Amino acid sequence: MIMTYIGLGSNLGDSRQIMAEAVQKLATLGPVKVSHLYQSPPMGPQDQPNYHNAVVQLSTDLVPLDLLDRLQAFEQDAGRVRLRHWGERTLDLDLLIYGNERIQNERLTVPHVGVMQRDFVLLPLLDLDAELQLNGQALKDLDIVQQSTLTLLDCTNWANI
């Protein structure tokens, strides 16, 4: 089994419910652990609602592109449409980390681009593994983690797993 981390985001519809359903679907792929649930301002256009964000730790036997296909199918099941870059969405699932692998092809980059610059990814990752390192850098030591303005929405079992 490979330890992976999947970023979840939503800012349309009942985000908490949509994300909880996504966690249930991810659990069909292998054992999961879920971070706290956070709220963050949109990264792109500011004329959209705030996001709900979390990260799921998933142990799976799926190879990276098969996992990506499953994530994209789960997004489609949730009614995702891509209207604009960094725009609003019912569900966004990003393969953040896949074991210790470095992957770069036309469909997938792992570790995910921007992981080290996004507090809405870093704080949930640290919920799951406070000692997590990426590229030899302890995530907990990054300035963005120390200066985060994320809002903690729920630290209990919001995903009902």
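User: Which residues is Glu-88 in contact with, leaving aside its neighbours within four places in sequence?

Analyst: In this predicted model, Glu-88 is in contact with Asn-11, Leu-12, Asp-47, Gln-48, Tyr-51, Val-81 and Leu-83, once neighbours within four places in sequence are left aside. Glu-88 itself is found in the loop between helix 2 and strand 5.

User: Is Glu-88 buried or exposed?

Analyst: A residue counts as buried under 20% relative accessible area. Glu-88 has 16% relative accessibility, so Glu-88 counts as buried.

User: Gln-48 is on that contact list. Where does Gln-48 lie?

Analyst: Gln-48 lies in the loop between strand 3 and strand 4. With 8% relative accessibility, Gln-48 counts as buried. Apart from neighbours within four places in sequence, the contacts of Gln-48 are Asn-11, Pro-42, Arg-84, Trp-86, Gly-87 and Glu-88. For a distance across the model, take Gln-48 and Val-115: they are 67 residues apart in sequence, and their C-alpha atoms are 22 Å apart in space.

User: Now the helices. How many residues does helix 2 have, and how far does it reach?

Analyst: Helix 2 covers residues 64–77, which is 14 residues. From the first C-alpha to the last it reaches 20 Å, close to the 20 Å expected at 1.5 Å a residue. After helix 2 comes Gly-79, with a positive phi near 85 degrees.

User: Which residues of helix 2 are buried, and why do they line one face?

Analyst: The general idea comes first. An α-helix has 3.6 residues a turn, so residues three or four places apart point the same way. In helix 2 the buried residues are Pro-64, Leu-67, Leu-68, Leu-71, Phe-74 and Glu-75. Seen down the axis of helix 2, these buried residues fall within an arc of 120 degrees, so they line one face of the helix. Their cover includes strand 1 (2–10), helix 1 (15–26), strand 4 (51–60), strand 5 (92–98) and strand 6 (103–104).

User: How many residues of helix 3 are buried?

Analyst: Nine of the 10 residues of helix 3 are buried, and the helix is mostly covered. The buried ones are Asp-119, Phe-120, Val-121, Leu-122, Leu-123, Pro-124, Leu-125, Leu-126 and Leu-128. Among the elements that cover them are strand 2 (32–34), strand 3 (37–40) and helix 4 (143–146).

User: What does Leu-139 touch?

Analyst: Not counting residues up to four places away in sequence, Leu-139 touches Met-116, Leu-122, Leu-125, Leu-126, Leu-132, Leu-134 and Val-145. Leu-139 is found in the loop between strand 9 (137–138) and helix 4, and at 0% relative accessibility it counts as buried. Leu-139 and Asp-129 are 10 residues apart along the chain, with 9.7 Å between their C-alpha atoms.

User: How do the lining residues divide?

Analyst: The lining of the largest pocket has 18 nonpolar, 10 polar and 10 charged residues.

Technical notes
Residues are numbered from 1 along each chain as its sequence is written. This is a predicted model: local features need pLDDT of at least 70, side-chain atom pairs count only at pLDDT 80 or more; totals for chains, interfaces and linings use all residues. Side-chain values use heavy atoms; hydrogens and water are left out. Helices (H or I, at least four residues) and strands (E, at least two) are DSSP runs, numbered from the N terminus. The expected span of a helix is 1.5 Å times one less than its number of residues. Buried means under 20% relative accessible area, exposed over 50%, partly exposed in between (1.4 Å probe, protein chains only). The arc is that of the directions from the helix axis to the C-beta atoms. Contact means heavy atoms within 4.5 Å. Ala, Val, Leu, Ile, Met, Phe, Trp, Tyr, Cys and Pro count as nonpolar, Asp, Glu, Lys and Arg as charged, and the others, Gly among them, as polar.
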